[in-house]
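Dear colleague,

Please find the structure below for your review. My findings follow it.

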Amino acid sequence: LMQQRGLDCVYFRGHSARGVPHAWNAVRLDDSWYYVDVTWGCTDPLRRSPYHFYLCTTLEEAARSHVFDPEQYPEIPQADSRMYNYYSYNGYTIEETDDLIPTLAGIFAEQLVGTTVPPQGEPVYLEARVMTSPEQYTSLRSQYLQDIFAILHEVNRQLAQNGHTIRVQTEKADCNSSDEMQV
């Protein structure tokens, strides 16, 4: 499909870091290469929304979980831009210097306003990417788990302040993370 649209796209076959045969792509956008894995971005039936972990990642990020066959692919595009990475492009990133509670609340509030909210009681999945060292990510993830209810209260405060009628339940939250992608 990308080639039909006139975009450079390369198909890779290899395996996951766990040894499972797998395939993914690299695509060139505005003279920079990005890795894309639409298989691992597919919608989970329980989640009802796609994962964005592997939407326009760098080679370093893709290589954490995707093993390229060096004999089959002697020249792998050296993707190093994050310009079109889903999280960077949409402003859903957290830096080391950010204040976690208001920053995450702002990201989550923006996502809620930009989505179709399901009927009451059904889950909504919100995402943010931590753009720091793995050690700092681990620390921020621990802080997030400790402060999740404060973050949800801040989401409600920000939504109300901006005149939105959406309200987030603040008594229960389920969380998961991708340590390899720092999401």
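S178 sits in the segment after α4, where helices (H or I, at least four residues) and strands (E, at least two) are DSSP runs numbered from the N terminus. S178 counts as buried because its relative accessibility is 9%, buried meaning under 20% relative accessible area with a 1.4 Å probe and protein chains only. Leaving aside residues up to four places away in sequence, S178 touches F53, Y137 and V183, a contact being heavy atoms within 4.5 Å.

The model is predicted, so local features need pLDDT of at least 70 and side-chain atom pairs pLDDT 80 or more, whereas totals for chains, interfaces and linings use all residues. Residues are numbered from 1 along each chain as its sequence is written, and side-chain values use heavy atoms, without hydrogens and water.

The protein chain has 4 helices and 7 strands, in the order β-β-β-β-α-β-α-β-α-β-α from the N terminus. Of its 183 residues, 39% are buried. Contacts between residues 24 or more positions apart make up 54% of those with a separation of 6 or more.

The lining of the largest pocket comprises 41 residues, with V124, Y125, L126, A173 and D174 nearest its centre. A pocket here is an open set of points on a 1 Å grid over the protein atoms alone, where a 1.4 Å probe fits, with protein on both sides within 12 Å along at least five of seven lines; lining residues have an atom within 4 Å of a point. To this lining α4 (134–161) contributes at least two residues, as does α3 (100–113); α4 gives the most, with 7 residues.

Kind regards

Definitions and conventions
Buried < 20%, exposed > 50% of the residue type's maximum accessible area, 1.4 Å probe, protein only.
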